[in-house]
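Thanks for asking me to look this one over. Here are my notes, point by point, for you to follow alongside the model.

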Amino acid sequence: MELRLLGYVVAIAEEGSVSGAARRLHVTQPTLSRQLRDLERRLGVALFEREGRGLTPTAAGAALARRGAAVLAEADAALEDVRLAAQGMTGRLTIAFAGSGINGPLGAVLGRLRRELSGVDLRLEESFSDAEMSAGVLDGRYDIAVQRLPARDSRLATRVWWTEPMTMFLPAAHPLAHAAGPAPLSALGQIPLVIWPREVSSRSYDEIIALCHRADVVPRIGAEGRSAQTLLALVAAGFGAAVLADSHRALRRVGVAPRPLADTSTSLYVAWRTGDPSPLVARFHDVLAQHSQEVSSHS
């Protein structure tokens, strides 16, 4: 049965007359009367009986009007779901991110997404592997990856989102921690380095070694750690200095003093599937853009 016919039955039952239902539905009274007669003939039952100048539902009519109202409400809800999904207001969005990213602006963006898209099932996956994050986007496990070094693949769309200085995180008692201004790159040769194992984060490891080469110093490895928290704990214990994105200041490790490295920077990239038509992916980019504009206007 067409939803239109159900709507006719519900309207007549609620208005108590064909004329009232016709006005409400913006159709002519003869049209509505004819549609009702055709429906009753098709069903083989009377849906309404005349009472004075109005119509009263029969038992069959009352049952159809009751069920019809529920069907129409469900149909309206389905259309609303479609509208919200098309606008990127419902559905599931899975975002993978590097552990270092969450200490910077990504945390604020994710909080904003959670507030503005309360109807979205927001899934967050932390990863320490750039290769794994890019692969996850390509195979559909993730919709978005926020990472340091996305894979070079034509199926993967990328753009730089956030750039920040590199910073030396020094033992608080070390002489380098008390000098004014950014540390020169040559400081990398004045203290052992606490560093990621290359097999854990090749991007971070190579980035630090490249800085040492720029400074023409041979790096001395004091210790290795597999998370930012471990690296900073080793720094506080005096094993050496860690070179991390400046946003790691947010961890505020006791016994560690941050000092920017002169003329350095590192970037966060956003990666997604090329040509992904998802309205949620588009909504994510909108929120990123809004956040960046707000940060720029306040800086």
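A crossing is called left-handed if the near helix is turned anticlockwise from the far one by less than a right angle, and right-handed if clockwise. Helices (H or I, at least four residues) and strands (E, at least two) are DSSP runs, numbered from the N terminus. Please keep in mind that this is a predicted model, in which local features need pLDDT of at least 70, side-chain atom pairs count only at pLDDT 80 or more, and totals for chains, interfaces and linings use all residues. Residues are numbered from 1 along each chain as its sequence is written, and side-chain values use heavy atoms, with hydrogens and water left out.

1. **α2 against α3.** By the handedness rule, α2 passes α3 in a right-handed crossing. On the α2 side, Val18, Ser19, Ala21 and Ala22 make the contact (heavy atoms within 4.5 Å), and they meet Gln29, Leu32 and Ser33 of α3. Sorted by class, this contact has 4 nonpolar, 3 polar and no charged residues. Here Ala, Val, Leu, Ile, Met, Phe, Trp, Tyr, Cys and Pro count as nonpolar, Asp, Glu, Lys and Arg as charged, and the others, Gly among them, as polar.

2. **The angle between them.** Helix α2 covers residues 18-25 and helix α3 residues 29-43; they pack at about 110 degrees, with their axes 9 Å apart. Axes are lines fitted to C-alpha atoms, for helices over the stretch in contact, and angles run from 0 to 180 degrees between N-to-C directions. The two helices are therefore roughly perpendicular to each other; angles under 35 degrees count as roughly parallel, over 145 as roughly antiparallel, 65 to 115 as roughly perpendicular and the rest as oblique.

3. **α1 against α2.** Helix α1 (residues 3-15) also packs on α2: their axes come within 8 Å and cross at roughly 125 degrees, so the pair is oblique. The crossing of α1 past α2 is right-handed. From α1, Gly7, Tyr8, Ala11, Ile12, Glu14 and Glu15 meet Val18, Gly20, Ala21, Arg24 and Leu25 of α2. This contact divides into 6 nonpolar, 2 polar and 3 charged residues.

4. How many aromatic pairs does the count come to? There is 1, taking rings of Phe, Tyr and Trp (its six-membered ring) with centres within 6.5 Å; planes under 30 degrees apart count as stacked, over 60 as edge-to-face and the rest as tilted. Trp161 and Trp162 form a tilted pair, 5.9 Å centre to centre with 55 degrees between the planes. Trp161 is buried at 10% relative accessibility, while Trp162 is partly exposed at 22%. Buried means under 20% relative accessible area, exposed over 50%, and partly exposed in between (1.4 Å probe, protein chains only).

5. **Two aspartates worth a look.** Asp216, in the loop between α7 (202-214) and β9 (221-224), has a positive phi near 60 degrees although it is not glycine. Asp263 also has a positive phi near 60 degrees, and sits in the loop between β11 (256-260) and β12 (266-273). Asp216 is exposed at 72% relative accessibility, and Asp263 is exposed at 70%.

6. **Arg226.** This residue lies in the loop between β9 and α8 (228-236) and is exposed, with a relative accessible area of 53%. Leaving aside neighbours within four places in sequence, Arg226 contacts Phe128, Trp196, Pro197, Glu199 and Val200.
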